[in-house]
Amino acid sequence: METCVSEKYFIKTFGCQMNVYDSSRIADMLENEGYTATSKQSDADIVIFNTCHIREKAAEKLFSDLGRAQLIAQERQENEGKTTIIGVVGCVVQAEDTQIMKRAPFVDFAVGPLVYHKIPKLLRDIRAHRRQEGVVDTDFPAISKFDFLPENKAQGACSYLAVQEGCNNFCTYCVVPYTRGAEYSRPVAEVLKEARRLIATGTLEINLLGQNVNSYHGEDENGQERGLAYLLHKIAELDGLKRIRYTTSYPADMNDELINCHRDIPILMPYLHLPVQSGSDKILKAMNRRHTSGDYLRVVEKLYRANPDLKMSSDFIVGFPDETEADFEATLSIVKQVQYIQAFSFKYSRRPGTPAAVMENQVEEKVKKERLEILQNLLFSYQEKFNQACVGKVMPVLLEQKGRHKGQLIGRTPYMQNLHIETDGANINKIINAKVISATTNSLSGKEL
Ligand code: 5AD
Ligand code: SF4
């Protein structure tokens, strides 16, 4: 294989953890081809934007970044005589490929999230022929891209591992079933192989990813379909792994076997992201969610029983079409009952092609804004309350990045809180015991024991 040792790549990632994972796999491929990473866009021979389409604002950001990338590419050409290849991957490509090529015709390639394994070949073609027109590929291929990706390596002490992709749920507000396609589960052996590689290259914590991860149904060696609970047990048996998480879960797919994993697997962290979206049954129905608020609360109760230390987080949408004050109150009520320690909340954003975009009684922007503020204040109050309750406690912290000050590292507690600590830099990528000495809404600080 031809290598181009001096060539550099730069990837900017928008959106969810799945995109972070995809970017790391694209990096694996580019490094295999002989490219090296740079964190400075103006040094890069290849610039890739991995995009998100989930809300309007996420997609808009892409076009301003592309404009800037074109200017940087022109400067490199004029000042250094260097050519820059600009590529776009991810969900915006799947949804708006023609828009991208219309608004940013200088883009060299745009590939959807299911075909990014084709990037090395595309790059070789582009280099060989220096095309005038960008290449677009938004295929939903029959053979999974995972079959073509090179061996992975750890992204650090905490790594993502995609076990499932796509979604069959068709929540009426959501673009994911259209951009990521139908559900696909990777075979058990393939997942375990990737997990072993991550551990061998330094990972202590694996976060199993899927748009709807608890619908996982991968085949084992005998061709038998296995669920996420089975996979979690298998992963927990791997030597050297200290922590497991999984995300994102769908409430109706939280079966008892999976709930019991929170009782039976000690390295499964006591923190679960389980989006409810709304507390109103009328809105949940209009969203095409397969659960009521009561169903959701029953699942949470079972989880708390399985592991009394477990804490929850969630996603919320305010201002979904036809959401009344009473519906919104029901959302506040569920927050008060579950007492989430973290949450992500959004104003409903009309996504073209989704059923909710054309529903009647769209909620005014002003009302959405007011509701979001009220909801976030409530969510923050529980987040802060939990963080304050941690003061004085001793927790194992996985130190995964350098802090802003010299001698400071930032780690994650079992509950996904960021904890700042003054400690020996050699402790990076290790788990140490820390005593929490203070807390804010967003983070903790601690001292080493
Ligand atoms: N508008 C606002 N929020 C949305 N989400 C998904 N689609 C939309 C939309 N159209 C939120 C949901 C989901 C999270 C990833 O993004 O809360 O759980
Ligand atoms: Fe989107 Fe609903 Fe699927 Fe989540 S479960 S990815 S919100 S369609």
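Predicted model: local features only at pLDDT ≥ 70, side-chain atom pairs only at ≥ 80, totals over all residues.
Residues are numbered from 1 along each chain as its sequence is written, and chains are lettered from A and ligands numbered from 1 in the order of writing. Local features need pLDDT of at least 70, side-chain atom pairs count only at pLDDT 80 or more, totals for chains, interfaces and linings use all residues, and side-chain values use heavy atoms, without hydrogens and water.

Student: How many residues of domain 4 are in contact with domain 3?

Tutor: The bounds, from an automatic or database domain assignment, are 303-389 for domain 3 and 394-448 for domain 4. Contact means heavy atoms within 4.5 Å. Domain 3 contributes 10 residues, and the number from domain 4 is 9.

Student: Which helix gives the most to the side of domain 3 that touches domain 4?

Tutor: The two domains bury about 780 Å² between them, 46% of it on carbon and sulfur atoms; this is the accessible area (1.4 Å probe) lost on being put together, summed over both parts. Helices are DSSP runs (H or I, at least four residues) numbered from the N terminus. With 6 residues, the helix giving the most to that side of domain 3 is H12 (residues 365-389).

Terms used
Helix = DSSP H or I, 4+ residues; strand = E, 2+ residues; numbered from the N terminus.
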